[in-house]
Amino acid sequence: MPSARSEQITLDAAFLPLTRLPRWRRFGTLAGVQGAALSATGLGQGAAIGDRLRIDRPGRAAVEGEFVAFSQGRAIAVPEGGTEGLGPGARVWLEEPLALYPSDAWLGRVIDSLGRPLDDQGPLPQGSRGVALRQPAPPAMRRRLVGSKLETGIRPIDVFTPICRGQRLGIFAASGVGKSTLMGMLARGVEADVIVVGLIGERGREVREFLDHTLGEEGRRRTVVVVATSDEPALARRRAAQATLAVAEHFRAEGRQVFLLLDSVTRLAHAQREIGLAAGEPATARSYTPSVFTELPSLLERAGPGLEGEGDITAIFTVLVDGDDHDEPIADAVRGILDGHLVLDRRIGERGRWPAIDVLRSVSRALPRCHDTQQNALLAKTRRLLATHADMAEMIRLGAYRAGSDAEVDAAIAHNAGLEAFLSQDINERSTAEDSFARLATLLQPEP
């Protein structure tokens, strides 16, 4: 009589050919194409929001896309790329969820939103652990607190808007005010194990300029760069932002200190608006759809401190303010989510002070904890002098103010030139926080 083990071996041998058969795949039928939206039927309950799809197209490459809504028994999707050649009844395949497999071999590489190399440096080695592009933020009650001060080497930031490890800061600026240059200064000067940069909706000609000149060879060696240019579909631009966070989360889970730069949140919002409008969402404030204001916090909250035993993601998110309006909907929403913001002012740059940071309108929620008592007192005095001079600037220019009328105004005028020089910094200059405060203390000493 055969043993139980021999029977098991026989059964395993019998089922072995079945295990080698291709996995079953769910498919449906293309029911309609209307503008930037596709509708499919026959998928039953197998499709969900965020799932990927592929549509066969005779004589051409298949069309890929993502499900974004369901309506009246149909699954609504947004395609990536053109829809020429699609016809009613085309087969719609449900694809496997996307995942990235980052590793240390990714440092110094440039990838697209699907994790494919863009830098002509050969194949991209894959890590052993996959990370999903969409992930929830770490639970609020299990996250560690923001850590110690992280020096950037940039005087206006280290003194007026200091950054702590795990903090999330925004750079709010109109176009052409030095946002990319400031990002490069941060990437080269910050002490971090890994830097992850996301260029979302960037102009194609500026990608190489950012990599070769703004970031430089020194910054690029420890950096993973994710790129989706402005001519790519909205899905690719949104996915590039998600991929940037996913790569950063991978290194944070390994206990690394990660510095993340994402440029820009506004272009991410534009991409999400395109997707939302295609899905049939109503347009609200400045034609932004409701899903834009859902997508922003779900993405931005993923950065920050990790759980116990993990590292931190210290993040800088840029916001391209439309028409120099710092109260427009995206800027207003992002400002309420992040832990501080830097405001770049075109007028400051026009008078020759770079980086053009308006320190009076910039805020870090790491203060006052990030500085000691003496440094906070020095900072408060400096802010008073700068605010007083700003309030009286028009009268001073017109010659309407008479010296000696107000001691505080006299002091502000006397120290203004020195403070302007202090706030100005060359792109290759680096200053420690200790040296910056020492220089500021010497500058504000009363004249004998």
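Author: In this predicted model, buried residues account for 51% of the 448 residues in the protein. The C-alpha trace spans about 105 × 55 × 40 Å along its principal axes, and the secondary structure comprises 12 helices and 19 strands.

Reader: Among contacts between residues at least 6 apart in sequence, what share joins residues at least 24 apart?

Author: The share is 71%.

Reader: Why is Thr266 called buried?

Author: Thr266 has a relative accessible area of 0%. The term buried applies under 20%, and Thr266 is therefore buried. Thr266 lies in helix 6, which covers residues 265-278.

Reader: Which residues does Thr266 touch, not counting residues up to four places away in sequence?

Author: Thr266 touches Thr318, Val319, Leu320, Asp322 and Ile330. A contact requires heavy atoms within 4.5 Å.

Reader: How do you know that helix 4 falls short of the span of a straight helix?

Author: Helix 4, residues 204-220, has 17 residues, and a straight helix would reach 24 Å at 1.5 Å a residue. The end C-alpha atoms of helix 4 are only 18 Å apart, which is short of that value. Helix 4 also has a kink of about 55°, centred on Thr214.

Reader: What does helix 4 pack against through its buried residues?

Author: The buried residues of helix 4 include Val207, Phe210, Leu211, Thr214 and Leu215. The packing partners are strand 8 (110-111), helix 3 (179-189), strand 13 (194-202) and strand 14 (223-229).

Reader: What makes helix 11 and helix 12 roughly antiparallel?

Author: Helix 11 (residues 407-423) and helix 12 (residues 433-443) pack at an angle of about 170°. Angles over 145 degrees count as roughly antiparallel, and the two helices are therefore described in that way. Their axes are 10 Å apart.

Reader: Which residues of helix 11 and helix 12 meet?

Author: From helix 11, His415, Gly418, Leu419, Ala421 and Phe422 take part. They meet Ser436, Arg439, Leu440 and Leu443 in helix 12.

Reader: Where does the name "AAA+ ATPase" come from, and which residues does it cover?

Author: The name comes from an unreviewed UniProt entry, which lists residues 165-349 as "domain: AAA+ ATPase". In the model, residues 165-349 are 46% helix and 24% strand, and the end C-alpha atoms of this span lie 29 Å apart.

Definitions and conventions: Residues are numbered from 1 along each chain as its sequence is written. This is a predicted model: local features need pLDDT of at least 70, side-chain atom pairs count only at pLDDT 80 or more; totals for chains, interfaces and linings use all residues. Side-chain values use heavy atoms; hydrogens and water are left out. UniProt positions are given in the numbering used here, feature names are shortened, and annotations may be inferred rather than shown by experiment. Helices (H or I, at least four residues) and strands (E, at least two) are DSSP runs, numbered from the N terminus. The expected span of a helix is 1.5 Å times one less than its number of residues. The bend at a residue is the angle between axes fitted to the seven residues ending there and the seven starting there. Buried means under 20% relative accessible area, exposed over 50%, partly exposed in between (1.4 Å probe, protein chains only). Axes are lines fitted to C-alpha atoms, for helices over the stretch in contact, and angles run from 0 to 180 degrees between N-to-C directions. Angles under 35 degrees count as roughly parallel, over 145 as roughly antiparallel, 65 to 115 as roughly perpendicular and the rest as oblique.
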